[in-house]
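Hello,

Here is the structure I promised to hand over. Please have a look at it first, and then read on for my notes.

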Amino acid sequence: MSTLPDYQQAQLLLEKNEIFVAPAEAHGVISGLLACGINIEADEYLGLLSDVFNDGLAFNKDLKAFFADVYSQVVASFGDEEFQFDLFLPSDDETLIDLANGLVSWVSGFMLGFGLKQKDYGKLSADVKEVISDFSEITRLDTMFEETEEDSQALHEVIEYVRVSALLCFAELGKEPADKNPKKTLH
């Protein structure tokens, strides 16, 4: 499975190219697109990301490569049977505030990506509706954490909940049913 670049390097690449979003948010948007059922083989995601992050302008070669790496990694990790999907967040070496802000950015990105393609919320399962409601609450999370073990544990529990919830959304919506277009028998 491909790995993501260093978070700080990703941030510098985005800023150098005047894309002023956190790497966490970009990863969240791609994860949300995939979790809501966008065709995994499609290149549509680059156009959507360009519209969202770059006023519809095409990305340069470096950004295309970065987004392709992130996309490939998310596709591979969502499909991993051992549930190896992880959020792309600042490292644990950063402050809890940086990590919490990264989480809020990731969840906001996920909601954006999910909303770009998922138009019929009425057809979502109760579990997915609950995830979307919880994610909406997480986007309003107070990110002023103290550097205590208790706050660290609480934040990591929320991160784990978000990770598992993204996997749940993908499991329900991200895979196309094998019999989507069953052949009709004429009598």
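**What I found**

Gln 11 counts as buried, at 17% relative accessibility; buried means under 20% relative accessible area, exposed over 50% and partly exposed in between, with a 1.4 Å probe and protein chains only. Before going further, please note that this is a predicted model, in which local features need pLDDT of at least 70, side-chain atom pairs count only at pLDDT 80 or more, and totals for chains, interfaces and linings use all residues. Residues are numbered from 1 along each chain as its sequence is written, and side-chain values use heavy atoms, with hydrogens and water left out.

Gln 11 sits in helix α1. Helices (H or I, at least four residues) and strands (E, at least two) are DSSP runs, numbered from the N terminus. Neighbours within four places in sequence aside, Gln 11 is in contact with Val 21, Ala 22 and Pro 23, where contact means heavy atoms within 4.5 Å.

Pro 23 takes us to helix α2, which covers residues 23–35. How many of the residues of α2 are buried? The count is 12 of 13, so the helix is mostly covered. Among the buried ones are His 27, Ile 30 and Leu 34. The elements that cover them include α1 (7–16), α3 (44–53), α4 (61–78), α5 and α7 (149–174). The length of α2 agrees with expectation, because its 13 residues at 1.5 Å a residue should span 18 Å and its end C-alpha atoms are 18 Å apart; the expected span is 1.5 Å times one less than the number of residues. Just after α2, Gly 37 takes a positive phi of about 115°.

Next, have a look at Phe 110 in helix α5 (residues 96–117). Phe 110 is buried, with a relative accessible area of 0%. Its contacts, leaving aside neighbours within four places in sequence, include Gly 28, Ser 31 and Ala 35, as well as Phe 135 and Cys 169. Phe 110 and Leu 33 are 77 residues apart in sequence, yet their C-alpha atoms are 7.5 Å apart in space.

Finally, the cysteines. A search of the whole structure finds 0 disulfides, a disulfide being a pair of cysteine sulfur atoms within 2.5 Å. For Cys 36, the nearest cysteine sulfur is that of Cys 169, 9.3 Å away. Cys 36 is buried, with a relative accessible area of 8%, and Cys 169 is buried too, at 0%.

Enjoy exploring it!

Best wishes
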